Structures are given as structure tokens and as C-alpha cells.
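I open this notebook to record what I looked up, entry by entry. The sequence and the structure come before the notes.

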Amino acid sequence: MTVERTSSPAETEAVGARLATGLRPGDVVLVSGELGAGKTTLIRGALRELGVTDPVVSPTFTIGRRYRGRVPVSHLDFFRLEGLGGEDPGLLDDYLTSDAVAFVEWPTAAEPFLERERTVARRVELRHGGGDRREIHVGESSDGRR
Ligand code: ADP
Ligand code: MG
């Protein structure tokens, strides 16, 4: 577990870029924190590192977006999802493909499912620190492969 402190969106993007190195197809990164904590900002930095050049915007009004980088990349946001129980289980099929690296905002409801289906390679939690300051906790995977 590492803790980083940033004081601008660009610094948070840089943290995202660093944590994206070494990710492999099939990996999932869980990104939690309150609204405005910087989840999408951090993911934007990660996607840039993975070679995504399209604008990276929050998928809040859809469940997710797919991007083309050096590998396929998915960005999911479960903010409005209570749990995956009542949802069509095929809902995530387009995003959680084995060839893609996936980033998930508001992952709590889907966490057991994600743990079962994919490799949760990183866990990130962002906290407000007042003004533009943010505290970013990054946990590595527990399976010992990195
Ligand atoms: P979330 O996805 O967690 O709701 P966003 O990344 O969409 O958060 O928004 C974070 C907001 O906070 C943006 O408007 C961004 O410009 C601003 N901001 C200010 N300081 C920082 C920082 N240090 N890191 C990330 N975002 C910051
Ligand atoms: Mg967001």
C-alpha cells in the first residue's frame, strides 16, 4: 500500500499513469472515493499511459465506455448501480473482456463479481484533502505476481 498526495489534477493524472504501468489484459483496477475526489481524473492519466488518445470523460450516464489504446481499455462507473443482483448478467460482457484492461469507479456493488471473474490488480482510494489537495491510496494485487 502506498499513499500519494497531490495538489492538482495533473499530479493525480501522473499517479494514474504510474499505476497503469505493468497492467495486463484482463486486469481490473478498482477506483473508489467520493464524488469529485478525482477518480475519473486519475483514470484519464492511466488511459493516456495505456495509449488512449480519445477524450476520457466520465461514463456516468452509461455503465461504461471502451477505448482503443495499445490494449483495449474499459472504463466503468457503477455509481447508479445498487448491486448487480437484479441486473442482466450480460451487462458487463462488452466491457470485461479478457483482452481489455478495465477501470471501475464505485466498484463496491460489483466487487465480489469482479474478484471472481477477473484479476483485481490494483485498488485505489482517493480522499479529499481540502481545496485541490487529494490523498491517494494505492494497493497492489495480493496474488504476489508483482
Ligand atoms: P470523480 O470521478 O471522483 O467524481 P473527477 O475526476 O471527475 O472526480 O473530478 C475531480 C475534480 O476535482 C475535477 O474538477 C478536478 O479538476 C478537480 N481537482 C482539483 N484538484 C484535484 C486533484 N489534486 N486531483 C484530482 N482532481 C482535482
Ligand atoms: Mg467520475
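Which side chain has an N or O atom 2.6 Å from a nitrogen atom of ligand 1? I found that it is the side chain of T12. I note at the outset that the model is predicted.

**Entry on the ligand**

An oxygen atom of ligand 1 lies 2.8 Å from a backbone N or O atom of G36. The side chain of R134 has an N or O atom 3.1 Å from an oxygen atom of ligand 1. On its own, ligand 1 has 580 Å² of accessible area, and the protein covers 74% of this.

I then listed the surroundings. Ligand 1 is surrounded by 16 residues, and the closest are T12, G36, K39, T41 and D132. Helices α1 (9–20) and α2 (39–49) each contribute at least two residues to the shell. I recorded α2 as the element that gives the most, with 3 residues.

**Entry on salt bridges**

My search returned a count of 9 salt bridges. I examined several of them.

E135 pairs with R5, and their closest N and O atoms are 3.4 Å apart. R5 is exposed, with a relative accessible area of 62%, whereas E135 is partly exposed at 22%.

R127 and E125 also meet through their side chains, at 3.1 Å from N to O. Salt bridges with shared partners join R5, E125, R127 and E135 into one network.

R66 forms a salt bridge with D99, with 3.7 Å between the closest N and O atoms. This pair links distant parts of the chain, since R66 is in strand β3 (residues 64–68) and D99 is in the loop between β4 and β5, 33 residues apart. R66 is partly exposed, with a relative accessible area of 36%, and D99 is partly exposed, with a value of 36%.

**Entry on aromatic rings**

I searched the whole structure for aromatic pairs and found 1. The ring centres of F79 and W106 are 4.9 Å apart and the planes stand at 40°, so I classed the pair as tilted. F79 is in the loop between β4 (72–77) and β5 (101–105), and W106 is in the loop between β5 and α3 (111–117), 27 residues apart. F79 is partly exposed at 40% relative accessibility, and W106 is partly exposed at 27%.

Terms used
Residues are numbered from 1 along each chain as its sequence is written. Chains are lettered from A and ligands numbered from 1 in the order in which they are written. This is a predicted model: local features need pLDDT of at least 70, side-chain atom pairs count only at pLDDT 80 or more; totals for chains, interfaces and linings use all residues. Side-chain values use heavy atoms; hydrogens and water are left out. Rings of Phe, Tyr and Trp (its six-membered ring) pair if their centres lie within 6.5 Å; planes under 30 degrees apart count as stacked, over 60 as edge-to-face and the rest as tilted. Helices (H or I, at least four residues) and strands (E, at least two) are DSSP runs, numbered from the N terminus. Buried means under 20% relative accessible area, exposed over 50%, partly exposed in between (1.4 Å probe, protein chains only). A residue is near a molecule or strand if one of its heavy atoms lies within 4 Å of it. A polar contact is a pair of N or O atoms within 3.5 Å; within protein, one must be able to donate a hydrogen and the other to accept it, and residues adjacent in sequence count only if both atoms are side-chain atoms. Accessible areas come from the Shrake-Rupley method with a 1.4 Å probe; for residues, only the protein chains shown count as cover. A salt bridge is a side-chain nitrogen of Lys or Arg within 4 Å of a carboxyl oxygen of Asp or Glu.
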